[in-house]
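Thanks for coming, everyone. Please have a look at the sequence and the structure on the screen. I'll walk you through a few spots.

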Amino acid sequence: MSSDPKSPVVIAAGGFGLIVSDGKVVTKLHHTAKSCKDGQAEFYKARRVYESFKGVRCVTTPQPIGFSMTEKAYNGKKFMCSFTMEAVRGVKINGREMLVHAVLSQPQFDKEIGQNQNKEVGPDNPTRGWHAGEKNLLARAGVEPAKVAQRIGSAIVHMVMDAQIYPFDVEYLVGNKQSLVVLDFGMAEIIPLKDYTDMDSLVQKLFEVGGGDAVGIADDIYYPSLESEYKLDFYQGMKNAAAKCKMPEKAQYLLKYVAEDLGIDIQSMKRRKL
């Protein structure tokens, strides 16, 4: 069994185990056989997303470094396996560094949230990061909310059309370089090739049905509300990505759904430069 990681800090926790970081790499420590199976699957999904984002401007995911079945120990507890990725630096808020979740569904939201959302963040309740609505993104993360909305739209198209995953329960955050950082593919699902033969069903599952315990992405906190000032930017980001992805014709089904769902007048957009 390997020794404890050098000077790691717990940055999150969950039913699977712990997430620790030494500032250079982040390690997800899993403590059960089932969790390890899920962790290995997440590693492969993260790798697919990482490859799909290459060449995409200002959209990234931490580089997956490796998955190991070697037993590790942390603070006297044993873990059966680990998934390691590069660390992403956050922004300073209230004297602490953290990533900022882009909450497009609730424009006024502005709060740090812990693993247990009903308790204050502390040693027994690790932070999940700051959650900022579009009205607070500029102040908290130093980036225009219009750019964040565009990048989320772009990321969704590239994950579905290039990485070929349903990005259920994926997190969209802003770090210290102001790029969009996409994290957490534990509940994402690989899209079977047969699903692309029925794009109406694929789109319905993606946006409305979801998978497992995860809701469709139209019901997630990162999807714009009808009242969002930046829903056109979100759509424009999807449109730009659709023109560059591997399956541009099939990506039009995603655009059609979002335009109808958010009440976007596509004809008026053709006369508007974003």
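**Charged pairs, a helix and a lone glutamate**

Arg 96 is partly exposed, at 37% relative accessibility. On this scale, buried means under 20% relative accessible area, exposed means over 50%, and partly exposed is in between, using a 1.4 Å probe and protein chains only. Glu 112 is buried, at 17%. The side chains of these two, Arg 96 and Glu 112, meet in a salt bridge, 2.8 Å from N to O. A salt bridge here is a side-chain nitrogen of Lys or Arg within 4 Å of a carboxyl oxygen of Asp or Glu. Arg 96 sits in strand β10 and Glu 112 in strand β12, 16 residues apart.

Some ground rules. This is a predicted model: local features need pLDDT of at least 70, side-chain atom pairs count only at pLDDT 80 or more, and totals for chains, interfaces and linings use all residues. Residues are numbered from 1 along each chain as its sequence is written, and side-chain values use heavy atoms, with hydrogens and water left out. Helices (H or I, at least four residues) and strands (E, at least two) are DSSP runs, numbered from the N terminus.

Next pair. Asp 110 forms a salt bridge with Arg 140, with the closest N and O atoms 2.9 Å apart. Asp 110 is in strand β12 and Arg 140 in helix α2, so the pair ties together parts 30 residues apart in sequence. How many salt bridges does the whole structure have? The search finds 10.

Now helix α4, residues 199–209. Met 199, Leu 202, Val 203, Leu 206 and Phe 207 are buried there. They cover an arc of only 105° around the axis, which puts them on the same side of α4. That arc is taken from the directions from the helix axis to the C-beta atoms. The face turned away from the buried side carries exposed Asp 200 and Val 209. Just after α4, Gly 210 takes a positive phi of about 80°.

Last stop: Glu 134, in the loop between β13 and α2. Glu 134 is buried yet has no salt bridge. Which side chain of opposite charge is nearest? That is Lys 135, 5.4 Å away. Lys and Arg count as positive, Asp and Glu as negative; His and the chain ends are not counted. The side chain of Glu 134 does reach the backbone nitrogen of Glu 229, at 3.0 Å.

That's my tour. Questions, please.

How values were computed
A polar contact is a pair of N or O atoms within 3.5 Å; within protein, one must be able to donate a hydrogen and the other to accept it, and residues adjacent in sequence count only if both atoms are side-chain atoms.
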